[in-house]
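Okay, thanks for coming, everyone.

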Amino acid sequence: MSLTSRVSLYFLAALAVVLFAYSLTFYLVASSHVEAQFSGELQGVLNALVAAAEVEETEVKWQPLEHFITLNTRDEFGDVHWFVLGDDDLIVEQSRFNAESVSPVDLQKWIAVVDLSSGEFREMRDGWVVAGKRLAAPHPDRTAHELDEFDELTVVAARMTGPRNAILIRLALLVTL
């Protein structure tokens, strides 16, 4: 092998290593941005719903007519589905997307698995990312409440992972091709 061939081979190998490192770095940075945007929007919906509830000494109030909440939950990642559940896990209010796509069994599964004290996300095996938060009155008054008063409220927000995964696959294909 001639000296010219060896030098060319060395520079081609060095170029390949640099391109691989650049592509890997680009993918990792871009995928972490996609993941942060996906979970940030879900966390924003959960925080907005939690902020709309009024936690008082003896009850938690959910008054959607007094607190107008606009949630822009439709983007490239799909819809954010949310529920507000009152005492005995009865649905008080929900997003308009839930009727056809989320069953009560799914909702009960999410509530059982999610840590409702922290509001952290949990990725489920069935293709959902779920977060929830339980709001309870410090000293609940167990007497009869008004329709918008509860001893505790549970707020759950969820989003399908399919659109996020499709974006990550397209990104991986873009980087490798």
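**Rings, charges and a surface patch**

Let's start with the aromatics: Phe-83, Trp-110 and Trp-128 are linked into a cluster by ring pairs. By a pair I mean rings of Phe, Tyr or Trp, taking the six-membered ring for Trp, with centres within 6.5 Å; planes under 30 degrees apart are stacked, over 60 edge-to-face, and the rest tilted.

Quick word on the source: this is a predicted model, so local features need pLDDT of at least 70 and side-chain atom pairs count only at pLDDT 80 or more, while totals for chains, interfaces and linings use all residues. Residues are numbered from 1 along each chain as its sequence is written, and side-chain values use heavy atoms, with hydrogens and water left out.

Back to the rings: the structure has five aromatic pairs. One of them is Tyr-10 with Phe-11, edge-to-face, at 5.4 Å centre to centre and 70 degrees between the planes. Another joins Phe-83 and Trp-110: the centres are 6.4 Å apart and the planes sit at 65 degrees, so this one is edge-to-face. Phe-83 is in strand S4 (residues 78–85) and Trp-110 in helix H3 (residues 104–113), so the pair ties together parts 27 residues apart in sequence. Helices here are DSSP runs of H or I with at least four residues, strands are runs of E with at least two, and both are numbered from the N terminus.

The cut-offs are under 20% relative accessible area for buried, over 50% for exposed, and partly exposed in between, with a 1.4 Å probe and protein chains only.

Tyr-10 and Phe-11, on the other hand, are both exposed. Tyr-10 belongs to helix H1 (residues 3–52) and has a relative accessible area of 57%. Together with Leu-3 and Val-7, Tyr-10 and Phe-11 make a nonpolar surface patch of about 460 Å² accessible area. That area comes from Shrake-Rupley with a 1.4 Å probe, and for residues only the protein chains shown count as cover. Patch members have over 30% relative accessible area and no salt bridge; like charges are joined within 9 Å, and nonpolar side chains (Val, Leu, Ile, Met, Phe, Trp, Tyr) within 5 Å.

Now the charges. How many salt bridges turn up in the whole structure? Seven, where a salt bridge is a side-chain nitrogen of Lys or Arg within 4 Å of a carboxyl oxygen of Asp or Glu.

Take Glu-35 and Arg-164, bridged at 3.1 Å, N to O. Glu-35 is in helix H1 and Arg-164 in helix H4 (residues 162–176), so the bridge ties together parts 129 residues apart in sequence. Arg-164 is buried at 4%, whereas Glu-35 is partly exposed at 32%. Arg-164 also has its charged end over the ring of Phe-38, 4.9 Å from the centre; for that, NZ of Lys or CZ of Arg must be within 6 Å of the ring centre and within 35 degrees of the ring normal.

Next, Arg-159 and Glu-41 bridge at 3.2 Å, N to O. Arg-159 is in strand S9 (residues 152–160) and Glu-41 in helix H1, 118 residues apart.

Last one: Glu-149 bridges to Lys-61, with the closest N and O atoms 3.9 Å apart, and both residues are buried.
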